[in-house]
Amino acid sequence: FGSSSSFVSSSAMPPPLPPCPLGWAHKVQPSPVVSLELFLDLCCPFSAKMFGVLERVAPAIEEKHPGKVQFRVFNVPQPWHAQSSYMHEVALAACQIEGMEPWSVHSEIFKNQAQFFDDATIDKTRKQIYEELAALVTSEAEKKEAILQKLVIAPGSGNCGHAMQQTLKFYVKYHRARSIHVTPTVLVNGLEAGEISSSFTEEQWMEWLVARL
């Protein structure tokens with residue numbers, strides 16, 4: 001089993017930490033008055049509904065109140081949809097490709113999420129789902145290949161996963177540490193805003209935000 005000293009040394013290694021802050025912002029604000037953390041699942045219809053409205057709200061509030069509100073989205077794959085993890089892995093991989101904008105990547109998947117619902121993917125392989133998602137977020141062959149390369153699992157590597165596995169783990173650990181269980185969930189300046197609903201209209205969002213500026 002090896003010496004006790006080697007066992008202590010190896011077991012004492014701390015888990016890796018994110019190399020940079022997690023989440024992706026519509027626009028990074030240096031000193032926002034209202035900071036929203038949006039915990040969304042790409043396979044969740046309610047998350048898609050909220051994101052679709054926020055695509056209009058974010059630029060509108062920025063135009064009227066520049067620099068006051070920050071929207072930062074965090075990926076939350078829900079395990080009861082097995083393909084949800086694949087959707088988030090492709091999105092996170094795409095966000096690491098030069099020239100690909102995170103908000104647009106996630107927007108494209110949200111708009112087409114029904115193509116990856118349970119009934120649409122039950123007979124597809126993991127690799128097929130990766131390929132379809134990569135083709136969805138970019139029409140450029142070079143970028144698509146770069147995304148897929150980050151998702152390659154080497155033969156004989158067991159459960160070591162691919163290049164995006166650790167990134168996905170960081171996001172899962174983050175939302176677990178924040179006790180996020182339901183999507184969508186919105187935190188405002190660090191605390192959960194339970195009154196915010198996926199049914200909020202653009203007008204309701206604007207009214208709610210302006211009242212807090």
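On a 1 Å grid over the protein atoms alone, a cavity is a set of points where a 1.4 Å probe fits but cannot get out, while a pocket is an open set with protein on both sides within 12 Å along at least five of seven lines; a residue lines either one if it has an atom within 4 Å of a point. Points are joined across faces, edges and corners, and volume is the space filled by probe spheres set on them.

The model here is predicted, with local features needing pLDDT of at least 70 and side-chain atom pairs counting only at pLDDT 80 or more, while totals for chains, interfaces and linings use all residues. Residues are numbered from 1 along each chain as its sequence is written, and side-chain values use heavy atoms, with hydrogens and water left out.

First, the overall layout. The protein chain has nine helices and five strands, taken as DSSP runs numbered from the N terminus (helices are H or I, at least four residues; strands are E, at least two). Their order along the sequence is α-β-β-α-β-α-α-α-α-α-α-β-β-α. The C-alpha trace spans about 65 × 45 × 30 Å along its principal axes.

For residue classes, Ala, Val, Leu, Ile, Met, Phe, Trp, Tyr, Cys and Pro count as nonpolar, Asp, Glu, Lys and Arg as charged, and the others, Gly among them, as polar.

| Space | Volume | Lining by class |
|---|---|---|
| Largest pocket | about 300 Å³ | eleven nonpolar, three polar, one charged |
| Largest cavity | about 40 Å³ | four nonpolar, two polar, two charged |

Around the largest cavity sit H26, K27, Q29, A58, I61, E62, V69 and F71. Helix 2 (45-64) and strand 3 (69-75) each put in at least two of the lining residues, and helix 2 gives the most, with three.

The largest pocket has 15 lining residues, with C20, P21, Q96, T167 and Y171 nearest its centre. Its top contributor is helix 8 (residues 165-177), with three residues.

Helix 8 also packs against helix 3 (residues 82-94): their axes come within 10 Å and cross at roughly 115°, with axes fitted to C-alpha atoms over the stretch in contact and angles running from 0 to 180 degrees between N-to-C directions. So helix 3 is roughly perpendicular to helix 8 (65 to 115 degrees counts as such). On the helix 3 side, the contact (heavy atoms within 4.5 Å) uses S85, H88, E89 and L92, and on the helix 8 side T167, L168 and Y171. By class, that contact has three nonpolar, three polar and one charged residues.

Key: Angles under 35 degrees count as roughly parallel, over 145 as roughly antiparallel, 65 to 115 as roughly perpendicular and the rest as oblique.
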